[in-house]
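Trainee: I have a structure open and I'd like to learn how to read it feature by feature. Could you walk me through it?

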Amino acid sequence: QACAALRRSPRIALDTEFMRERTYHAQLCLVQLADAERIVVVDPIACGELGSLHALLADTAVLKVLHSGRQDLEIFAQQMGSVPAPLFDTQVAAALLGLGDQIGYANLVQRLLSVQLEKTHTRIDWSVRPLPHGAIEYAADDVRYLLAVHAALRTELGQRERLEWLDAEFAQLARLDSYRTDPADAWRKVRGSQRLTEPQRARLAALAAWRERTALEVDRPRGWVLKDDMIIDIARRNPVDEAELAQLRDMPPAVVKRRGAEILAALSAAGGAEAPVLEPARPRLTPEQDGVVDLLAALTRKRAAEHGVAVGNLATRRELERLVLGERELEVLSGWKRETVGNALLAALDGKLALAVRDGKLTELD
């Protein structure tokens, strides 16, 4: 009934409370929803079946407003097989107005609405029942002011003619593949892979893929299946049987007993496989190039201040380094970012734009 009522609204506020310390996927514990007339706090643990909620989130006639919503969207992408759309992330929008790269919801509500939110339940276990006194009211506050924040941000963005800037940002948030991990690529997240030989890296890739599939199957964190340092050690030493596996330093006996055969099978499968290709090592900048990056960073900060945009939303230092090294397929050279600072960066690199200090301020000289 709540979802049916909310589907009659043109926009809804959406937030979740979840736990992920003990599971592979985040455990959804609460879903908070609001429109102009009502606030609804859903207990998904008690409800079980969430088909009507998923239908609401998939309804393209209803705008879903979130704050820093990537983790919320990841949960529903896993449950629904699609990303709720259309969507509006108030943290992303705030950054385009110069309110900080990652401003928190409470700070944003304070700045825009002059409302001070309570912070007494920030560290509770949302999976326990009954919830502590006041927890539901605290959770409801996360959507109570979200639509008002959305309206204020949208008005300001419209006045500055920046609503179109959001299109690329929200399109990236709505990409389903950004919420999925391919087991074949899981080795890239294991620290130390760069120091392995090719045969060792092939074994690492097989072990990491096995761990990813196993963690998904049993719904436990990757490290609970096998820790990173153990995967690296196994890939290096290549044990041939469970006795050798058990002799590895810090190897849990319980893992050998329960998963030893699977680990050895993964190693065996890697025997004839080619090692995955490492990403090319990042070229080291010369001192002169590093100075050019500093110049481009100063220009970026200047343009960010002039346009009232968070610096990180224009370009990161890593992007500027890649620009100096000759790369041109960069976000800073596309769309509104190119108009705001990208063309100026290219002009500076070509010697067509210089920076000078006039009256204590950084000034561009053509």
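Trainee: Let's start with strand pairing. How many bridges join β1 to strand β4, and do the two run parallel or antiparallel?

Mentor: Keep in mind that this is a predicted model. To read a pairing, look at the bridges and at the direction of the two strands. Here β1 and β4 (residues 63-66) run parallel, joined by 3 bridges.

Trainee: How many of the residues of β1 are buried?

Mentor: Count along residues 11-19 and you get 8 buried out of 9, so the strand is mostly covered.

Trainee: What about D15, a charged residue: is it buried or exposed, and which side chain of opposite charge is nearest?

Mentor: For a buried charge, look for a partner. D15 sits in strand β1. It is buried and has no salt bridge, and the nearest side chain of opposite charge is R144, 12 Å away.

Trainee: Which residues is D15 in contact with, then, leaving aside neighbours within four places in sequence?

Mentor: D15 is in contact with L30, V31, Q32, D72, D142 and V143.

Trainee: Which residues in α8 are buried?

Mentor: The buried ones are L146, L147, V149, H150, L153 and L157. Viewed down the axis of α8, the buried residues fall within an arc of 150 degrees, so they line one face of the helix. The general idea is that an α-helix has 3.6 residues a turn, so residues three or four places apart point the same way.

Trainee: And what follows α8?

Mentor: Look at E161, which comes after the helix: its phi is positive, near 60 degrees.

Trainee: Now salt bridges. How many does the structure hold?

Mentor: There are 24. When you read one, check the distance, then ask which parts of the chain it connects. Take D59 and R7, whose closest N and O atoms are 3.0 Å apart. D59 is in the loop between α3 and β4, and R7 is in the loop between α1 (2-6) and β1, so this pair ties together parts 52 residues apart in sequence. Check burial as well: D59 is buried at 15% relative accessible area, whereas R7 is partly exposed at 38%.

Trainee: Which residue does E364 form a salt bridge with?

Mentor: One partner is K302, with the closest N and O atoms 2.9 Å apart. E364 lies in strand β7 (residues 361-365) and K302 in helix α15, so the pair ties together parts 62 residues apart in sequence. K302 is buried, with a relative accessible area of 14%. E364 also meets R303 in a salt bridge, at 2.7 Å from N to O. That pair, again from helix α15 to strand β7, ties together parts that are 61 residues apart in sequence.

Trainee: Is R303 buried or exposed, and what is it in contact with?

Mentor: R303 is buried, at 15%. Beyond four places in sequence, R303 is in contact with L314, E339, T340, V341, A344 and E364. The C-alpha atoms of R303 and V341 are separated by 6.4 Å, though the two are 38 residues apart along the chain.

Trainee: And a histidine, such as H54: where does it lie, and what does it touch?

Mentor: H54 lies in helix α3 (residues 51-58). H54 is buried, with a relative accessible area of 18%. Not counting residues up to four places away in sequence, it touches F76, Q79 and M80.

Trainee: To zoom out, how many helices and strands are in the protein chain?

Mentor: There are 18 helices and 7 strands. Of the 366 residues, 46% count as buried.

Notes
Residues numbered from 1 in each chain as written. Predicted model: local features only at pLDDT ≥ 70, side-chain atom pairs only at ≥ 80, totals over all residues. Heavy atoms only, no water. Buried < 20%, exposed > 50% of the residue type's maximum accessible area, 1.4 Å probe, protein only. Helix = DSSP H or I, 4+ residues; strand = E, 2+ residues; numbered from the N terminus. Arc of directions from axis to C-beta. Pairing = 2+ DSSP bridges. Lys, Arg positive; Asp, Glu negative; His and termini not counted. Salt bridge = Lys/Arg side-chain N within 4 Å of Asp/Glu carboxyl O. Contact = heavy atoms within 4.5 Å.
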